[in-house]
Amino acid sequence: MLGLRFSRLVHAAIASGALVLGACQGGGKGDTDTDTDTGTTTDAPTTDDPTGPPFPPDPTLPLPPPDPPPPDPPPVDVPPALLGVKLLDASTLQLSFTEPLAPVETVNPKRFRLSIAQAYLGDYGGQPSTTLIDPRYYNLEQYCSPDPPPPCYYEPPYDYYCYYGPSCYYQSTGPLVATSVAALDGDPTSLVIGLGVPIQPFLCNTLQAFEDNPNFQMVLHLHYAAGGLSQLQDLGGLAVPSLGDAWVKYDGNFYSYQGPAFSTLDPFLPIPCQLFDGPEPIPDDPPDIPDSDL
């Protein structure tokens, strides 16, 4: 009852003007500096909430590997270098370089020449030396008579006569020279050189016979002569340096010099000669070398 009586008294006072209600600053929301706050709440997460995004990585899942750095471009003032030479087959050499090469269609195959490089290390006294030999004297092919040997026969008063065969001998295949130069498909840093005749097992077996010799070494090596317009060069025009070019320019078949083993071959890149499954017999007598070549 008291509340009803009080309510009627308040309304009567307001109506008569005896009572004035003062307005609250801030729209009746208390002491605030702005009136933009409507007093409503929101469910949007804040960045201070550790349970909201961005979420930390799942420790049970491996992180993706970082992108590899781009390869360093070759120095513009360093010429391309020969890294190695190998036999793709008995008639093809592959040369690998440190960077891509310019087109090689105009490169003369005569810029390349193979040698059998034989070095004496000086352990038996005397000066170390190296001898370069034309491979024709070791690239020997075996020939055997296709006819079967005749049967044994007896002629009194002599004993039996028998022919043991078939009759076989070794003969040189002739000059082992480069006949073509071409780019290697899919690899701009390599090229291939075709040979006029294939490498024979006899040559590889001869080289392998010197592998364990502590005083002599014998390897198959490639020589190259730079210069002129049709030389090997990179895409920037820098030429591949010469490699033992005195042998390329030499007309003879034997060339000897004193000094450390293989001193004119820098870089020294022996060509592995392991093309054949099993060794062929090597004749007891070495191949004949003409006196004019000595």
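This is a predicted model: local features need pLDDT of at least 70, side-chain atom pairs count only at pLDDT 80 or more; totals for chains, interfaces and linings use all residues.

Mentor: A salt bridge is a side-chain nitrogen of Lys or Arg within 4 Å of a carboxyl oxygen of Asp or Glu. Side chains of opposite charge can pair when their charged atoms come close. Residues are numbered from 1 along each chain as its sequence is written, and side-chain values use heavy atoms, with hydrogens and water left out.

By this rule there are three salt bridges. One joins aspartate 134 to arginine 113, at 3.3 Å from N to O. Aspartate 134 is in the loop between strand S4 (129-133) and strand S5 (140-144), and arginine 113 is in strand S3 (residues 112-120), so the pair ties together parts 21 residues apart in sequence. Strands (E, at least two residues) and helices (H or I, at least four) are DSSP runs, numbered from the N terminus.

Aspartate 134 also pairs with arginine 136, their closest N and O atoms being 3.2 Å apart. Aspartate 134 is buried at 7% relative accessible area, and arginine 113 is buried at 15%. Arginine 136 is partly exposed at 25%. Here buried means under 20%, exposed over 50%, and partly exposed in between (1.4 Å probe, protein chains only).

Lysine 249 and aspartate 245 form another salt bridge, 3.4 Å from N to O. Both lie in helix H4 (residues 245-249), four residues apart, about one turn of the helix. Shared partners join Arg113, Asp134 and Arg136 into one network of salt bridges.
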